[in-house]
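Hi everyone, thanks for coming. Let me put the structure up on the screen, and then we can walk through a few parts of it together.

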Amino acid sequence: SQAHSQPWTAHGLMLRNLADALRPWCCGAEHAAVAAGSEEPKTPKESFNLPLEDADFDVYTASGPQLSGELTNFSGRYFNAFTEGDMDHFLADTGLNEGKRRALGMTNFGAGLQEIEIEHRGNSFIWKSLGVFRFTQEIQVNDEWQEIQTANGFAWMLPSWQGQALRIHCREIGGREAKTVRWIYFRGVHMILELMSPSRTVVKIHYRRSH
């Protein structure tokens, strides 16, 4: 039946909005044009040729959490336990409209709904999104821009180590503005996904191990 062909129930729509908004990176309209064959995909050098000191890149200079000590292995399965900070303000900063923000608020911003599985070996990550929207991301922490699969297509990301934290700069395909900076690290029993918007609004999603 049509109800089973697409997850467009009210609950399914909220989950899709959640997937759109809270994934570690984003996807731009240009990728759809590339997929349709209207133009050639751009390389990172062609897409990211603005100087770091440009105002559009200001958020990329943020210092972020300062964590010393040996790097922790991130391998495991985790669920979204709760969110710290003003998520509605953060999502507004990243351009999400009021209707979608309201729908996300009704899901408590994914608490108890999101689940991820991580395989971590050295500088290599395999990040699996589980649940309604399933996809796998392969990430190399090498201080270089990479085109990565997301819930909505592809996006550019630049991963690097910052002490014990995995730091990620995120941009849309073809975009000329920073989208977010994200840090992933452990605090006690929680794995934290810390996100900063272009205007430096910060939120933290707390994950706990599923088993």
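Let's start with Arg-200, which is partly exposed, with a relative accessible area of 36%. On that scale, buried means under 20% relative accessible area, exposed means over 50%, and partly exposed is in between, using a 1.4 Å probe and protein chains only. You will find Arg-200 in the loop between β9 and β10. Although Arg-200 is not a glycine, its phi is positive, about 70°. As for the element names, helices (H or I, at least four residues) and strands (E, at least two) are DSSP runs, numbered from the N terminus.

A quick word on what we are looking at. This is a predicted model, where local features need pLDDT of at least 70 and side-chain atom pairs count only at pLDDT 80 or more, while totals for chains, interfaces and linings use all residues. Residues are numbered from 1 along each chain as its sequence is written, and side-chain values use heavy atoms, with hydrogens and water left out.

Back to the loops. Asp-143 also has a positive phi, about 60°, and is not a glycine. Asp-143 sits in the loop between β4 (135-140) and β5, and with 54% relative accessibility it counts as exposed.

β5 runs antiparallel to β6 (residues 153-162), and five bridges join them; strands pair if DSSP finds at least two bridges between them. One of the partners to look for is Gly-153 in β6, which is bridged to Thr-150.

Glu-172 is in the loop between β7 and β8 and is partly exposed, at a relative accessible area of 25%.

Now let's go inside. How many residues does the largest nonpolar core have? It has 27, and Ile-118, Ile-184 and Met-191 are those with the most contacts inside it. A nonpolar core here is a set of buried Ala, Val, Leu, Ile, Met, Phe, Trp, Tyr and Cys residues joined through side-chain atoms within 4.5 Å. Among the elements that give two or more residues to this core are α5 (87-93), β2 (115-121), β3 (124-130) and β8 (180-187). Apart from it lies another core, of 13 residues, including Tyr-60, Trp-156, Val-181 and Met-196.

Take Ile-118 as a close-up. Contact means heavy atoms within 4.5 Å, and beyond its neighbours within four places in sequence, Ile-118 is in contact with residues including Phe-74, Tyr-78, Phe-125, Trp-127 and Met-191.

Some of those names come back when we look at the aromatic rings. Rings of Phe, Tyr and Trp (its six-membered ring) pair if their centres lie within 6.5 Å; planes under 30 degrees apart count as stacked, over 60 as edge-to-face and the rest as tilted. There are five aromatic pairs by this rule. In one of them, the rings of Phe-125 and Trp-161 have centres 5.9 Å apart and planes at 45°, so this pair is tilted. Phe-125 belongs to β3 and Trp-161 to β6, so the pair ties together parts that are 36 residues apart in sequence. Phe-125 is buried, at 3% relative accessibility, whereas Trp-161 is partly exposed, at 27%. Ring pairs link Phe-74, Tyr-78, Phe-125, Trp-161 and Phe-186 into a cluster.

Staying in β3, we also find Lys-128, partly exposed with a relative accessible area of 26%. Its side chain makes a polar contact with the side chain of Glu-119, at 3.4 Å. A polar contact is a pair of N or O atoms within 3.5 Å; within protein, one must be able to donate a hydrogen and the other to accept it, and residues adjacent in sequence count only if both atoms are side-chain atoms.

Last stop, helix α6, residues 98-106, where Arg-101, Ala-103 and Leu-104 are buried. Seen down the axis, these buried residues fall within an arc of 160°, so they line one face of the helix; the arc is that of the directions from the helix axis to the C-beta atoms. The face turned away from that side carries the exposed residues Glu-98 and Met-106. At the N-terminal end, Asn-97 caps α6, with a side-chain oxygen 3.1 Å from the backbone nitrogen of Gly-99.
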